[in-house]
Amino acid sequence: MADNTNNRAFQNMRQDALHMLEGKQPELIAKRAGVIYDAEKQEFLVPSLGKKYRFSFPGYEESEEMDTWHHLSVLHYLNLADGTPAAESPCSFGELPDGLVRGGKFDRTAAEALGRFLSRHTEAEVRARVLELGGEIIDGKADLSVRLPYLPQYPVFINIWFADEEFPASARMLVDKNSWHNFTIEDAVTVGEYILRVLEVEK
């Protein structure tokens, strides 16, 4: 894992996540999460943002360098996913169950952060960056609508309006309306914050 390994709060949450996964059958976890479990190698194959990560079983160690909060979100997903597929119907974070306060605040935070991101990059750079993260350009009412495959049953959507003569560039981050089957609102916000960070990582 890449960073924050000495962060006590992170370590406590990771231990809690591992405790929740104890005793669960890997085949059932894989079925509910839409991931692959290789019984021979005793590992999960988890696709996320255009990459594939391998997690050992039962230790859930990741075989490659990975951001710690990204890693933690995968553990929470493997624990919480109940097999409900994505509805492919975007909604705001504030519209999620229990999302009125925490989710509504993040909706505003994300819009502000995405606006700053767009002000620093050209349209071509923005398109290239979302594609690097495994993003798929989809039909939408925005100038650019993107579906980011964060986890198999948990897509994140970004609607982007590029600047013109009258208005500055703006964007909204959205989640699938079935996302609560995979994450709590706290997890959803953590995932959103992580995506905002990785968008700015230069390749």
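Q: Which side chain does R14 meet in a salt bridge?
A: In this predicted model, the side chain of R14 meets that of E61 in a salt bridge, with 3.0 Å from N to O. R14 lies in helix α1 (residues 8–21) and E61 in the loop between β3 (51–56) and α3 (68–80), so the pair ties together parts that are 47 residues apart in sequence.

Q: And is R14 buried or exposed?
A: R14 counts as buried because its relative accessibility is 6%, under the 20% cut-off, whereas E61 is partly exposed, with a relative accessible area of 43%.

Q: OK, how many salt bridges does the count come to?
A: The count comes to seven salt bridges, and among them is the one between R147 and E88, whose closest N and O atoms are 2.8 Å apart. That pair links distant parts of the chain, with R147 in strand β6 and E88 in the loop between α3 and β4 (90–91), 59 residues apart.

Q: What about R120, which residue does its side chain meet?
A: The side chain of R120 meets that of E200 in a salt bridge of 2.4 Å, N to O. R120 sits in the loop between α4 (102–119) and α5 (123–132), while E200 belongs to the segment after α6, 80 residues away in the chain.

Q: Switching to α6, how many of its residues are buried?
A: Helix α6 is mostly covered, with 11 of its 15 residues buried, including I185, V189 and Y194.

Q: Last one: which residues form the negative surface patch?
A: The patch is formed by D143, D164, E165 and E166; D143 lies in the loop between β5 (136–138) and β6 (144–151), and at 46% relative accessibility D143 counts as partly exposed.

Notes: Residues are numbered from 1 along each chain as its sequence is written. This is a predicted model: local features need pLDDT of at least 70, side-chain atom pairs count only at pLDDT 80 or more; totals for chains, interfaces and linings use all residues. Side-chain values use heavy atoms; hydrogens and water are left out. Patches are made of residues with over 30% relative accessible area and no salt bridge: like charges are joined within 9 Å, nonpolar side chains (Val, Leu, Ile, Met, Phe, Trp, Tyr) within 5 Å. Accessible areas come from the Shrake-Rupley method with a 1.4 Å probe; for residues, only the protein chains shown count as cover. A salt bridge is a side-chain nitrogen of Lys or Arg within 4 Å of a carboxyl oxygen of Asp or Glu. Lys and Arg count as positive and Asp and Glu as negative; His and the chain ends are not counted. The place of a charge is taken as NZ of Lys, CZ of Arg, CG of Asp or CD of Glu. Helices (H or I, at least four residues) and strands (E, at least two) are DSSP runs, numbered from the N terminus. Buried means under 20% relative accessible area, exposed over 50%, partly exposed in between (1.4 Å probe, protein chains only).
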